[in-house]
Amino acid sequence: MKLFRYLFLAVCAAFLPLSCSTTKSGPAQAPDKAVYITDKKQIQLLPPECMDGHYAALQLFSGSFGTNSFISQIYLECSKTQISALLFNEFGIEMGSLSYKSGNVSFESSYFPKDLKAAYIIADLQNVYYDVPALEKNYAGAGLCFTRTATKDGSETRIVQDGDYIVELITVSPSRKEISIQNFLRGYSYHLEELDD
């Protein structure tokens, strides 16, 4: 348990840049939810209505930050009213919950620091599951580029760029059963694999 906690906290460090109270104009946004994509450029979280459909599944969540790695199960639900996730340890015991609803982000867990910037995790989930035109407009408003390309088999590649520099690369398998997220600027990556019922 202590090892898992240490590894997860190391990954969480990737999501702890300084907060900022400045907001930008653009598409409909949740108030005061700034997420720094680079050290100088920020976006605002999109409202849940920008979700592309509905998704709910149990997933195997694995990731790395530097030389540290972790693995866990999460139950993730993304809808037009909220994003919610329950995190479980290897024994199936709940370790925490993450939610984004009515413009508010909350993260509750006795295992993780109170100052965890959960908005950064929500931003990554939005990059995977939210409506592409809304994401494109949101990133463009921050001077960044969001692109999506798809292949005939339904696979997708989603990229966040600052000029020629690729900040984040996301690959999505058909029907979103496997997702990989690599953030080259912050030095973290994680993989989500949908588990069979």
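A residue is called buried when its relative accessible area is under 20%, exposed when it is over 50%, and partly exposed in between (1.4 Å probe, protein chains only). The model is predicted, so local features need pLDDT of at least 70 and side-chain atom pairs count only at pLDDT 80 or more, while totals for chains, interfaces and linings use all residues. Residues are numbered from 1 along each chain as its sequence is written, and side-chain values use heavy atoms, with hydrogens and water left out.

**First selection: Y190**

Select Y190, which is placed in strand β12. Helices (H or I, at least four residues) and strands (E, at least two) are DSSP runs, numbered from the N terminus. With a relative accessible area of 6%, Y190 is buried.

Now display the strands. An open sheet is formed by 10 strands in the order β7-β6-β5-β4-β3-β12-β11-β10-β9-β8, with antiparallel pairing; two strands pair if DSSP finds at least two bridges between them. At the edges are β7 and β8, each of which pairs on one side only. From one strand to the next, the twist averages 15°. Axes here are lines fitted to C-alpha atoms, for helices over the stretch in contact, and angles run from 0 to 180 degrees between N-to-C directions.

Within this sheet, select β9 and β10 (residues 165-172), which are joined in the antiparallel sense by 7 bridges. R158 is found opposite I170 in β10.

**The hairpin of β6 and β7**

Select residues 94-101 and 104-108, which are β6 and β7; 5 bridges join these antiparallel strands. L98 faces F107 of β7 across the pair. The two strands form a hairpin with 2 residues between them. Where does S102 lie? S102 is in the loop between β6 and β7, and it is exposed, at 64% relative accessible area. Most residues other than glycine have a negative phi. S102 is not a glycine, but its phi is positive, at about 55°.

**The core and Y130**

Next, select L76, Y129 and Y130, which touch the most other members of the largest nonpolar core, a group of 47 residues. Such a core is a set of buried Ala, Val, Leu, Ile, Met, Phe, Trp, Tyr and Cys residues joined through side-chain atoms within 4.5 Å. Helix α2 (residues 119-129) supplies the largest share of this core, 8 residues. Leaving aside residues up to four places away in sequence, the contacts of Y130 (heavy atoms within 4.5 Å) include L46, M51, I83, Y100 and R158.

**Helix α3**

Move to residues 132-140, helix α3: its buried residues are V132, A134, L135, N138 and Y139. Viewed down the axis of α3, they fall within an arc of 160°, taken from the directions from the helix axis to the C-beta atoms, and so they line one face of the helix. P133 and K137, on the other side, are exposed. Among the elements covering the buried residues are β2 (42-44), α2, β8 (145-150) and β9 (156-162). Helix α3 lies across β8 and β9 and runs at about 150° to β8.

Finally, select C78 and C145. Buried or partly exposed: which describes C145? At 35% relative accessibility, C145 is partly exposed, whereas C78 is buried at 0%. The structure holds 0 disulfides, a disulfide being a pair of cysteine sulfur atoms within 2.5 Å.
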